[in-house]
Amino acid sequence: MAALSALPAGDISTKQLPAPLGPSRSIVFKLAMLFSLDAFAGGLVVNSLLTLWLFERFGLSPGEAGTFFFCAGLLSAGSQLAAPVIARKIGLLNTMVFTHIPANVCLIFAAIAPNVEIALTLLFVRSALSQMDVPTRTAYVMAAVTPPERAAAASFTTVPRSLASVLSPSLAGALLASGLLSAPLIACGALKIAYDLALLVFFSRVNVPLD
């Protein structure tokens with residue numbers, strides 16, 4: 001009880017309570033549709049399917065694939081830590097787009113790489129870049145809406161992403177089963193680049209503060 005009494009008292013009446021989407025409705029709807037496209041594309045290359053691709057295309061052993069995903073995971077984690085630093089210099093939207101496009105170009109070229117060394121190098125570069133849009137995407141949504149709308153905007157942009165991401169793995173599996181081994185990677189990269197370009201078209205003129 002002593003610890004609780006030491007906490008600063010808050011004036012609930014001065015706080016802005018959560019509210020439904022209002023002034024930012026059109027922005028949130030556009031972001032939700034684009035984020036769903038990105039999530040659908042990402043579902044084409046989930047780790048289990050990428051592992052199968054590495055087995056079938058290059059004959060990697062389970063141990064080699066495990067080492068690859070461990071290193072790729074470290075690079076992805078580092079990219080998320082680097083994202084705020086880059087966003088302070090070039091902005092949230094530019095960080096999302098201009099790191100995501102090269103990452104997906106690498107994915108497309110990895111799909112057609114002539115040997116495993118080149119393919120893994122391209123996939124490592126992708127891992128070092130592709131996750132920078134994760135923290136910046138969330139920050140962008142929160143900055144683009146009014147404070148009372150933030151809870152509604154978070155749910156409205158997250159739920160469609162989750163639904164879209166469950167649809168594409170079965171499609172990728174069908175493509176792999178039919179012998180089109182590289183098709184899911186190419187489709188994923190192309191759709192994600194389309195998503196990035198659409199973000200630029202729709203939101204390059206939207207003034208979103210960093211703080």
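The model is a predicted one: local features need pLDDT of at least 70, side-chain atom pairs count only at pLDDT 80 or more, and totals for chains, interfaces and linings use all residues. Numbering starts from 1 along each chain as its sequence is written, and side-chain values use heavy atoms, with hydrogens and water left out.

## Overall fold

The protein chain has 10 helices and zero strands, so the pattern along the sequence is simply α-α-α-α-α-α-α-α-α-α. Helices (H or I, at least four residues) and strands (E, at least two) are DSSP runs, numbered from the N terminus. Of the 211 residues, 39% count as buried. Here buried means under 20% relative accessible area, exposed means over 50%, and partly exposed is in between (1.4 Å probe, protein chains only).

Among contacts with a separation of 6 or more, 85% come from residues 24 or more positions apart; a contact means heavy atoms within 4.5 Å. The chain exposes about 11,000 Å², and carbon and sulfur atoms supply 69% of that. Accessible areas come from the Shrake-Rupley method with a 1.4 Å probe, and for residues only the protein chains shown count as cover.

## The salt-bridge network

A search of the whole structure turns up four salt bridges, each being a side-chain nitrogen of Lys or Arg within 4 Å of a carboxyl oxygen of Asp or Glu. Asp38, Asp133, Arg137, Arg161 and Lys192 are linked in a network of them.

| Pair | N to O distance |
|---|---|
| Arginine 137 and aspartate 38 | 3.6 Å |
| Arginine 161 and aspartate 38 | 3.2 Å |
| Arginine 137 and aspartate 133 | 3.2 Å |

Take the pair of arginine 137 and aspartate 38, which meet in a salt bridge. Arginine 137 sits in helix H7 and aspartate 38 in helix H2, so the pair ties together parts that are 99 residues apart in sequence. Arginine 161 also bridges to aspartate 38. Arginine 161 is in helix H8 (residues 150-165) and aspartate 38 in helix H2, so this pair joins parts 123 residues apart in sequence.

An α-helix has 3.6 residues a turn, so residues three or four places apart point the same way.

How buried are these charged side chains? Aspartate 38 has a relative accessible area of 2% and aspartate 133 has 3%, so both count as buried. Arginine 137, at 11%, counts as buried too.

Helix H10 (residues 183-203) has 21 residues, and at 1.5 Å a residue it should span 30 Å; its end C-alpha atoms are 30 Å apart, which agrees. The expected span is 1.5 Å times one less than the number of residues. Among the buried residues of H10 are Lys192, Leu199 and Phe203. The buried residues of H10 pack against helix H2 (25-42), helix H3 (47-58), helix H5 (92-111), helix H7 (133-144) and H9.

On the H2 side, leucine 31 is buried, with a relative accessible area of 1%. Leucine 31 touches Tyr140, Val141, Thr157, Leu199 and Phe203, not counting residues up to four places away in sequence. Leucine 31 and leucine 199 are 168 residues apart in sequence, yet 8.2 Å apart in space, C-alpha to C-alpha.

Serine 168 lies in helix H9 and is buried, at 0% relative accessible area. Its side chain reaches the backbone oxygen of phenylalanine 40 at 2.6 Å. Leaving out residues up to four places away in sequence, serine 168 touches Ala39, Phe40, Gly43 and Leu44.

Next comes proline 169, also in H9 (residues 168-177). Proline 169 is partly exposed, at 25%, and is in contact with Gly43, Val46 and Leu49, leaving aside neighbours within four places in sequence. Proline 169 and phenylalanine 40 are 129 residues apart in sequence and 8.6 Å apart in space, C-alpha to C-alpha.

## A nonpolar surface patch

Which residues form a nonpolar patch on the surface? They are Val105, Phe109, Ile112 and Ile186, with about 330 Å² of accessible area together. Patches take residues with over 30% relative accessible area and no salt bridge; like charges are joined within 9 Å, and nonpolar side chains (Val, Leu, Ile, Met, Phe, Trp, Tyr) within 5 Å. Phenylalanine 109, in helix H5, is partly exposed, with a relative accessible area of 47%.

Technical notes. A polar contact is a pair of N or O atoms within 3.5 Å; within protein, one must be able to donate a hydrogen and the other to accept it, and residues adjacent in sequence count only if both atoms are side-chain atoms.
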